[in-house]
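Subject: Structure for you to look at

Hello,

Here is the structure I promised to pass on. Please open it alongside this note; my findings follow below.

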Amino acid sequence: MTTTTAPAASTVAPRHHAPVRGPSLLRLTAVELRKLVDTRAGRWLLISIGLITAVIVTLQLIYAKDADQTFANFFMPSLLPLGVLLPVLGILSITSEWSQRTALSTYALVPRRERVVAAKLIAVVLTALASVLASLAIAAVGTLVAGATGGAGTWRIEGALIGHAVIFQVANVLMGAGFGLLLLNPPLAIVGYLLLPTLWSVLGGLIRPLRGPAGWLDTGRTMEPLFTSHVTGEQWGRLAVSLLVWLVVPLVAGLVRTLRREVS
């Protein structure tokens, strides 16, 4: 008699795939920092910033009075071109995903768009901090040359000036990033960032009823005290109000638009 046995039930347990973790914020920030120098526009913008800063210090060595050739006097003027050009870098960092049509792949790899935006903002803030260190280094070289060629070569600088320089550069680059988030188009964002505050400043000087509000909303005026070692409470208040309008509002509105915009 032949007996047949039923096939044994499968004892192989079903496979459970471990959830795939997205890249960390640190890694995303490193990627965004690399993007800043990978593109031709970003690379040349950074080179231009360094060259302009060096030219400003060189001109001071040639034309400034010996008594004015000090570390503080080399450092503070070098912040002005950075304050103009760094926001453009922030705009390009934000808008490049849309202008170069990489948003689809970026947000497919990192579906949580707010993480990508956060990494971009951290990257441009780190760049702003690095720019302050670069200005300090170039100012130090200028001070050494001044001391060796008969200039004052004085190294004294108040710590408040360095802190104000950090606030100035970080605020400017975040304003640029805010306009980039809001408009998501490089030329439009750059023109908007450069034109709107300037237009407001001109109108505030020409139209008498706007002169009062301009003292609170014109960043050209509210940031001016940062180039001194002492800022009063009222001046901090004016700066806060102007940054609320030109930095916080564009950032928040731009973030909402970026999170909701359809990627195609």
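Buried here means under 20% relative accessible area. Keep in mind that this is a predicted model.

Start with the aromatic residues. Tyrosine 107 has a relative accessible area of 9%, so this residue is buried. Tryptophan 98 is buried too, because its relative accessible area is 13%.

The structure holds 4 aromatic pairs. One of them joins tryptophan 98 and tyrosine 107: the ring centres are 6.1 Å apart. Their planes stand at 45 degrees, so the pair counts as tilted, given that stacked needs under 30 degrees and edge-to-face over 60.

Each of these rings also has an arginine over its face. For tyrosine 107 this is arginine 113, at 5.0 Å from the ring centre. For tryptophan 98 this is arginine 261, at 4.4 Å from the ring centre.

Now the helix packing. Helix 4 spans residues 79-99, and helix 7 spans residues 159-183. They pack at an angle of about 35 degrees. Their axes are 7 Å apart. The crossing is right-handed.

Which residues in helix 4 meet helix 7? They are Leu79, Leu82, Gly83, Leu86, Pro87, Gly90, Ile91, Ile94 and Thr95. On the helix 7 side, the partners include Gly176, Ala177 and Gly180, along with Phe168 and Asn172. The residues of this contact divide into 11 nonpolar and 7 polar, with no charged ones.

Best wishes

Note on methods. Residues numbered from 1 in each chain as written. Predicted model: local features only at pLDDT ≥ 70, side-chain atom pairs only at ≥ 80, totals over all residues. Heavy atoms only, no water. Axes fitted to C-alpha atoms, helices over the stretch in contact; angles between N-to-C directions. Helix = DSSP H or I, 4+ residues; strand = E, 2+ residues; numbered from the N terminus. Left-handed = near helix turned anticlockwise from the far one by under 90°. Contact = heavy atoms within 4.5 Å. Nonpolar A, V, L, I, M, F, W, Y, C, P; charged D, E, K, R; others polar. Phe/Tyr/Trp six-rings, centres within 6.5 Å; stacked < 30°, edge-to-face > 60°. Buried < 20%, exposed > 50% of the residue type's maximum accessible area, 1.4 Å probe, protein only. Lys NZ or Arg CZ within 6 Å of the ring centre and 35° of its normal.
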